[in-house]
Amino acid sequence: MTIREIIKMGDPRLLAENALVGDVQSPEIQGLIADLWETMVAAKGAGIAAPQIGVNVQVCVFGAHVPNPRYPDRPLVPPTVLINPSIEPLEPTLDDDWEGCLSIPGLRGMVPRYRHILYRGLNAHGEPFERQAHGFHARVVQHECDHLWQTLYTMRMADLRQLGYTEVLFPEIAAAEQPVKPE
Ligand code: NI
């Protein structure tokens, strides 16, 4: 496992097409999953998607067993590997909340997301699964899947006046946003 460099907004790999995974059990995909977990934990992310480390395939990971310092007071999201995903909204309701992104360090924006979704995909063993999610869990899934669909959270914002620096908007959590150097 390796902590990989997280590429930032402006790098064309964040907006490139991401290939569907054929063989989840391949050493390349299993190694990618391990690197995504290690890189996400080192950066204190709530989730991370393969294109964020420059690999254009449909793999993302999210969630943790412990609270995230970048998102205090949010409910825990189960640790999940999600491959070749799809999302179905189960209610038309959208909720607004602040989001950040490891590829847009130091900023937060207000983003509307579906409140209640059903998501489907393959797990780390290549087995299909589906799960309902609400609230913050649903938000994280939508954010990470968007990375696989060439979309950053800023592209989902309804009002760019609600984009700002974490250190200004939320000085109490800005320390958790400090960039992490790859090994
Ligand atoms: Ni992100």
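This is a predicted model: local features need pLDDT of at least 70, side-chain atom pairs count only at pLDDT 80 or more; totals for chains, interfaces and linings use all residues.

A search of the whole structure finds 0 disulfides. Cysteine 145 takes part in none, and the nearest cysteine sulfur, that of cysteine 60, is 4.9 Å away. Two cysteines can be compared by relative accessibility:

| Cysteine | Relative accessibility | Class |
|---|---|---|
| Cysteine 101 | 3% | buried |
| Cysteine 145 | 0% | buried |

Both count as buried because the class covers values under 20%.

Cysteine 101 belongs to the metal site. The nickel ion has as protein donors Cys101 through SG, His143 through NE2 and His147 through NE2, at 2.1 to 2.3 Å. Along the sequence, these donor residues follow the spacing C-x41-H-x3-H. Cysteine 101 sits in the loop between β4 (94-99) and β5 (107-114), while histidine 147 is part of helix α2 (residues 135-148); the pair therefore ties together parts that lie 46 residues apart in sequence. Histidine 147 is buried, as is cysteine 101.

Helix α2 also contributes to a pocket. The second largest pocket has a volume of about 230 Å³. It is lined by 18 residues, of which Gly45, Ala64, Val66, Pro67 and Asn68 are the closest to its centre. At least two lining residues come from α1 (27-42), and at least two from α2. By type, the lining of this pocket consists of 13 nonpolar, 3 polar and 2 charged residues.

How values were computed:
Residues are numbered from 1 along each chain as its sequence is written. Side-chain values use heavy atoms; hydrogens and water are left out. A disulfide is a pair of cysteine sulfur atoms within 2.5 Å. Buried means under 20% relative accessible area, exposed over 50%, partly exposed in between (1.4 Å probe, protein chains only). Donors are N, O and S atoms within 2.8 Å of the metal (3.2 Å for Na, K and Ca); water is not among the atoms, so sites may look incomplete. Helices (H or I, at least four residues) and strands (E, at least two) are DSSP runs, numbered from the N terminus. On a 1 Å grid over the protein atoms alone, a cavity is a set of points where a 1.4 Å probe fits but cannot get out, and a pocket is an open set with protein on both sides within 12 Å along at least five of seven lines; lining residues have an atom within 4 Å of a point. Grid points are joined across faces, edges and corners, and a volume is the space filled by probe spheres set on the points. Ala, Val, Leu, Ile, Met, Phe, Trp, Tyr, Cys and Pro count as nonpolar, Asp, Glu, Lys and Arg as charged, and the others, Gly among them, as polar.
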